[in-house]
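Here are my notes on the model, point by point. Please keep the structure open while reading.

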Amino acid sequence: MPPPAEHLLSERELRALDALYAERSADGRPVSWERLVEELRELRRLIEKSTAVRLPDGQTLRTWSAFYTWAHGRYHALEDGCDAWIGDDA
């Protein structure tokens, strides 16, 4: 079965991703970034299969570079704070 032409990321799904990014332990450390990375990878994999990802603001991500630009802008601290963000793609 071919992948869908478009995936709509709902406002609810985006808020859930934002909540994973914002969640901190009592001492202020991020606790859900590994899960966030996995969720973001799923979006990237859709794009790599030629499925456009439409965001709640109307922006559509069609390339991996557009995805990374968006993800880095929204979740900028992942690059420095989560080793699995870049590279490890099991």
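**Notes on the predicted model**

1. Ser50 sits in the loop between helix 2 and strand 2. This is a predicted model, so read every value below as computed from it. The phi of Ser50 is near 70 degrees, positive although the residue is not glycine. Most residues other than glycine have a negative phi. Is Ser50 buried or exposed? Ser50 has a relative accessible area of 64%; the cut-off for exposed is over 50%, so Ser50 counts as exposed.

2. Glu6 is worth a look. Glu6 belongs to strand 1 and stands opposite Ala52 in strand 2. Beyond its neighbours within four places in sequence, Glu6 contacts Thr51, Ala52 and Arg54. Its relative accessible area is 39%, which makes Glu6 partly exposed. Glu6 and Glu48 lie 42 residues apart along the chain, and their C-alpha atoms are separated by 12 Å.

3. Now the helix pair. Two packed helices are described by the angle between their axes and the distance between the axes. For helix 1 and helix 2, the axes come within 8 Å and cross at roughly 145 degrees. The crossing is left-handed. Helix 1 contributes Leu17, Leu20 and Tyr21 to the contact. Helix 2 contributes Trp33, Arg35, Leu36, Glu39, Leu40 and Leu43. By class, the residues of this contact are seven nonpolar, two charged and no polar.

4. Last, the core. In soluble globular proteins, nonpolar side chains tend to be buried together. Here the largest nonpolar core has 20 residues. Which residues have the most contacts inside it? They are Leu9, Leu36, Leu40, Phe67, Trp70, Tyr75 and Leu78. Helix 1 (11-22), helix 2 (33-48) and helix 3 (64-74) each supply at least two residues of this core. Helix 2 gives the largest share, six residues. Leu36 and Leu40, listed here for the core, are also part of the contact between helix 1 and helix 2.

Methods:
Residues numbered from 1 in each chain as written. Predicted model: local features only at pLDDT ≥ 70, side-chain atom pairs only at ≥ 80, totals over all residues. Heavy atoms only, no water. Core = buried A, V, L, I, M, F, W, Y, C linked by side-chain atoms within 4.5 Å. Buried < 20%, exposed > 50% of the residue type's maximum accessible area, 1.4 Å probe, protein only. Helix = DSSP H or I, 4+ residues; strand = E, 2+ residues; numbered from the N terminus. Pairing = 2+ DSSP bridges. Axes fitted to C-alpha atoms, helices over the stretch in contact; angles between N-to-C directions. Left-handed = near helix turned anticlockwise from the far one by under 90°. Contact = heavy atoms within 4.5 Å. Nonpolar A, V, L, I, M, F, W, Y, C, P; charged D, E, K, R; others polar.
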